[in-house]
Each structure stands twice: as structure tokens, then as C-alpha cells.
Amino acid sequence: MAERRKQPMQAQDKLAFLLALVPYLMDRDRVSVAEAAEHFGVDASQLRDAVRLIAVSGVPGETNQYQPGDLFDIAWDDFEDNDQIVLTHQVAIDDSPRFSAREAAALIAGLQYLSALPENADRDVIGSLMAKLARGASAAPSQVAVAGSATDATLATIRDAVASGTQLDFDYLNSRGERERRRVDPLRIESIDQDWYLRGWDHLRTAIRTFRLDRIDDLRATDEPITYRPGDVTLPETLFEGTPDDLLVTIEVSASAVPLVEDYIPDGAPRQEHDGVVRTSVRVAHFHGLKRLVAGLSGVLTVLDPPEARAVVAAWATAGADRYRADGNR
């Protein structure tokens, strides 16, 4: 098959072509002449000429004279016999600052975590970036993996339902310790710290509700299409929305920790600050829900009122301390 003939490139175009071709080849372990030519919109003969030019290009050493290792090199047998391009030696760009192996491993671990998030659907792009980090590090990064959690299977099922627009059916244990069967149109998955939450239209409550994934049990994906789509309903900006049944609890919290409890503070709740401590109110569905809040802010949050709330937290703390002492005496 005859090769297509392109218009001759001007000098400025040739320079731009070469500057783009080098990083393109560095990002690929091996690429055919035909594939590279198609990518840049040139004919194969122009591409071969450019590769030959790269192979006699480089940066001279400290003596301002070219020495072995100062030029790019390619796998010539592969190039001449198989029309394949493989860079076997790189210069100039190799001298630029690189991530250390430890830095690259940390970034790759972060990207692995991001690839698990439901909103990051284009996992091929993330995978390509991880491969580039591994190749571009100053040394081979350590093999890393993000540990799975107990909610991974639940998260995967919900992610698939959000993508396909189908309803979910599950048992849910609410903050009052009540278990109910729910049918939900899944609309969004969000996380706060290590906790994952599903937001969707609850057909039992006929309203938008938020469900914590570690309280979901016996999850079943259905074939029923969702009734409400994200554009049909308004999802509140905050993850936690108050209800008329919520209980108000007066607390004192370190001023620097207020942002951590902001979602629990009702709109218009008074705040009094003194000596770096803020006194305000938070809303909870049940006093027992305070246990988790206090545990996450140990030493910086104090429950003041009502007495029943203080009693619940005190009993929980005492039970924990007793268990700690019992374990220590074994």
C-alpha cells in the first residue's frame, strides 16, 4: 500500500514536531512507525527521518564535546527490520530533577486511592499516570497497594448502580439502633475521612436521605430503573441535614476544631468564644451518636448539656476505661 504524501514541513514546523516527538517516544516503551506517523499526521518517511535526526542529537558534556552517552540512541535493528521505535538511551531530559523512588511510591499510592473513588471513572488515565511516575523516578519505586476495607464490596455495588441508574435494596441500621429495609435511588457517593456515605432518594421516607455504608447490610442490586435522577432533585450542599426529630446538645470545642463539627451545628446557633474555646450547639439524631463525635475529637470537645447527653458519654467513656484496665491486667 502506497504511503500518503504530506506537504513538506517548514523549519518552524519541523522544530515543533521534533520537540513533541521526543516526549511522545519517551512515554512509550515501543511504538510502530505507522502508529507514530498517524498520531502526528505525517507520512512514514517523514517520521523515519525525524527518528534518525533524534539519534544524532544530544547535549555535549562539560568539555563541550560530544562523548559516548551524550546522544540519544535507539534499537536500530528493530527500527530498520521491524519498523519499531524503541529509545534505548535518553539524554538532556534525564538530567532534569526527578521524583525519588519514595516520592514516586507515595504518589502512586495516592493515585491508587483516587482510582477507587466513584467519581474518577477514567481509570485508564490514572493508570497511565502511575506508569509514567514509575518510569520517570530516579529509581524503581517500591511496590505499594492501598489496603481494602470492609465496605469495598458495598462501595463497588453502589458505584455500579449509580453508573447504571438502577435502584438498590438493603437493610439499614439507623443512629437510633432501628433496622429497616430501604429501597433507594442512588444519586451520589461521598466520603468524610474514612467513612463513606450514599445519598439518594429514599422511597420509604419519600425524601433525600444519607446512608453510612458501614450500616448497610444485605445489599442487593436491582434491575429497576431509578425514579429520580440527580437533575430531578436538589441535593443539599452539606452532607448532614437536620430533621424536626433532632436533639440539640450544648458543647465546648477548641476553636481550631470547629470546622470539623461545622456540619453538625444548626444554622443560626449562637457561638461564644473565650480563651480559644467555642461554646455552641450541635444536633444529633440520638445521644448515642455523640460517642463517635467525641471519640474523633478526644481532648478538644466537651459535652455540657443536657444531663442525659453527658450521662451517655460518661458511661461510654467509663466502660472504655474499665475495659482498658481489664485488658492491662491480663
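**Exercise 1. Determine how exposed E180 is, and describe the salt bridge that E180 forms.**

Solution. E180 has a relative accessible area of 25%, so E180 is partly exposed, where buried means under 20% relative accessible area, exposed over 50% and partly exposed in between (1.4 Å probe, protein chains only). The model is a predicted one, in which local features need pLDDT of at least 70 and side-chain atom pairs count only at pLDDT 80 or more, whereas totals for chains, interfaces and linings use all residues. Residues are numbered from 1 along each chain as its sequence is written, and side-chain values use heavy atoms, with hydrogens and water left out. The next step is the partner: E180 forms a salt bridge (a side-chain nitrogen of Lys or Arg within 4 Å of a carboxyl oxygen of Asp or Glu) with R182, and the closest N and O atoms are 3.1 Å apart. R182 itself counts as buried, at 5% relative accessibility.

**Exercise 2. Characterise the salt bridge between R279 and E252 by its N to O distance and its place in the chain.**

Solution. The closest N and O atoms of R279 and E252 are 2.8 Å apart. This pair links distant parts of the chain, since R279 lies in strand β12 (residues 277-284) and E252 in strand β10 (residues 247-254), 27 residues apart; strands (E, at least two residues) and helices (H or I, at least four) are DSSP runs numbered from the N terminus. R279 is partly exposed at 38% relative accessibility, and E252 is likewise partly exposed, at 25%. Elsewhere, salt bridges that share partners join D169, D171, R181, R183, D218 and R220 into one network.

**Exercise 3. Describe the surroundings of D171.**

Solution. D171 belongs to strand β5 (residues 166-173) and, at 19% relative accessibility, counts as buried. Its side chain makes a polar contact with the side chain of R181 at 3.0 Å. Beyond its neighbours within four places in sequence, D171 is in contact (heavy atoms within 4.5 Å) with residues including R179, R181, R215 and D218.

**Exercise 4. Work out on which side or sides of helix α2 its buried residues lie.**

Solution. The buried residues of α2 (residues 33-40) are V33, A36 and A37. They cover an arc of only 100° around the axis, which puts them on the same side of α2; the arc is that of the directions from the helix axis to the C-beta atoms. The face turned away from this buried side carries the exposed residues A34 and E38.

Terms used:
Polar contact = N/O pair within 3.5 Å; in protein donor to acceptor, adjacent residues only side chain to side chain.
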